[in-house]
There are 2 protein chains.
Amino acid sequence: MKGYLWAPSAATQSHSASGGWESMAIDAVGNVIEFWGFKRNQGRVWALLYLRDEAMTAADIEKELELSKGGVSMLIRDLERWGVVLRVRLHGDSSWHYRAETDLMQMARRVIEEREFTFIARIRADLAEARKLAEQDPATPKPKIERIRKMESVAEATETALTIFLKTSRFDVGAMFERFRG
Amino acid sequence: MKGYLWAPSAATQSHSASGGWESMAIDAVGNVIEFWGFKRNQGRVWALLYLRDEAMTAADIEKELELSKGGVSMLIRDLERWGVVLRVRLHGDSSWHYRAETDLMQMARRVIEEREFTFIARIRADLAEARKLAEQDPATPKPKIERIRKMESVAEATETALTIFLKTSRFDVGAMFERFRG
DNA sequence: CATATAGTTCAAGCCGTTTTGAACTGCATG
DNA sequence: CATGCAGTTCAAAACGGCTTGAACTATATG
């Protein structure tokens with residue numbers, strides 16, 4: 001959620017990728033994924049592998065996406081850890097090849113789930129703690145405590161939004177309805 | 001959506017604000033708001049004014065939050081522009097005083113609405129354009145076009161999620177149901 | 001085992017964003 | 001109209017995250 005300044009759309013063309021449209025699509029995925037709080041290039045690597053639908057070497061990726069050796073290594077490590085890229089050994093070749101595995105959305109959901117929820121939970125805890133302390137001090141005026149409570153509700157709303165957000169990314173619409181039924 | 005590394009919770013204590021709990025609450029708000037893609041200190045300034053529930057001068061804010069003169073000026077300008085902080089002239093005093101106005105959520109929704117939607121719309125347009133070009137080239141294999149389409153659906157899902165997310169922040173649950181009814 | 005090539009690590013550099021602080025503007029007051 | 005204080009502006013500094021590339025490790029091959 002930080003992307004709000006933008007280079008002209010058609011600007012990033014011609015790289016080394018086949019058609020201009022291929023890198024256009026790849027960059028687009030990079031942008032969505034960055035929006036979700038991941039690195040742009042993680043999205044680009046995944047998109048390249050997914051689009052090509054073939055096992056590529058790190059050297060290939062490095063060349064196509066104009067990234068550094070070390071960078072590719074780290075990006076792939078992340079993607080592997082998240083299970084969206086698979087490392088395969090190809091018949092006679094001595095080097096590793098990489099292949100896009102699952103849908104990106106799945107991994108985005110999983111990672112955001114563990115990452116952002118702890119984050120929001122921490123904020124909520126801090127606010128709860130602050131309110132507890134405020135309540136303990138008899139000098140604190142009642143309305144002030146009420147305002148802290150209001151602030152807590154902002155954090156709660158954020159958490160709710162995030163929950164729904166993740167549920168949606170799972171396309172599990174049913175579960176979302178349940179939330180408002182109980 | 002980029003906050004995932006964190007300093008110890010109890011660390012930021014004791015500033016100059018009255019109780020430790022006050023700055024704890026203020027920082028918490030700063031963190032939520034940063035999560036939504038705004039500046040941490042925009043959230044902190046708003047939170048201070050909201051918690052105190054009184055009109056404060058820029059100098060007060062500067063002191064309480066340990067910010068620079070210039071910084072406070074710019075932060076307040078932003079908050080004013082968004083309509084969450086109001087500038088008032090107090091009886092005999094020659095300087096301006098500032099007061100928290102609306103609920104933060106409202107402004108977050110408004111700003112995100114205009115900012116993030118254009119962002120996602122642009123990504124979708126790029127992907128659509130890429131697919132169009134791919135389709136025009138007869139050499140492009142059908143499955144590849146299908147994969148671009150799949151990528152488009154990721155962007156679409158993101159947009160949907162964002163919509164629901166904003167609707168939720170408006171607590172307009174009814175409208176959200178409509179979305180899946182039509 | 002020597003050599004070559006693939007892959008990893010991490011300190012240093014780069015780059016975009018935020019903050020600072022000094023110069024400046026505007027305004028009220030004596 | 002000189003003085004002082006509130007508020008603004010903006011270039012430079014600080015900060016933080018990402019990427020680079022050189023040194024290093026691991027692995028395959030003759």
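Residues are numbered from 1 along each chain as its sequence is written, while chains are lettered from A and ligands numbered from 1 in the order in which they are written. Because the model is predicted, local features need pLDDT of at least 70 and side-chain atom pairs count only at pLDDT 80 or more, whereas totals for chains, interfaces and linings use all residues; side-chain values use heavy atoms, with hydrogens and water left out.

Chain A contains seven helices and two strands, where helices (H or I, at least four residues) and strands (E, at least two) are DSSP runs numbered from the N terminus, and their order along the sequence is α-α-α-α-β-β-α-α-α. Of the 182 residues in chain A, 51% are buried, that is, under 20% relative accessible area with a 1.4 Å probe and protein chains only.

Around DNA strand D there are 19 residues, of which A:Asn41, A:Ser68, B:Lys69, B:Ser73 and B:Trp96 come nearest; a residue is near the strand if one of its heavy atoms lies within 4 Å of it. The largest share of this surface, five residues, is supplied by H4(B), and at least two residues each come from helix H4 (69-81) of chain A and from helix H4 (69-81) and strand E2 (96-100) of chain B.

Phosphate oxygens of DNA strand D are approached in polar contacts (pairs of N or O atoms within 3.5 Å) by a polar side-chain atom of B:Ser73 at 2.9 Å, by one of B:Arg77 at 3.4 Å, and by a backbone N or O atom of B:Trp96 at 2.8 Å.

Methods:
A polar contact is a pair of N or O atoms within 3.5 Å; within protein, one must be able to donate a hydrogen and the other to accept it, and residues adjacent in sequence count only if both atoms are side-chain atoms. Buried means under 20% relative accessible area, exposed over 50%, partly exposed in between (1.4 Å probe, protein chains only).
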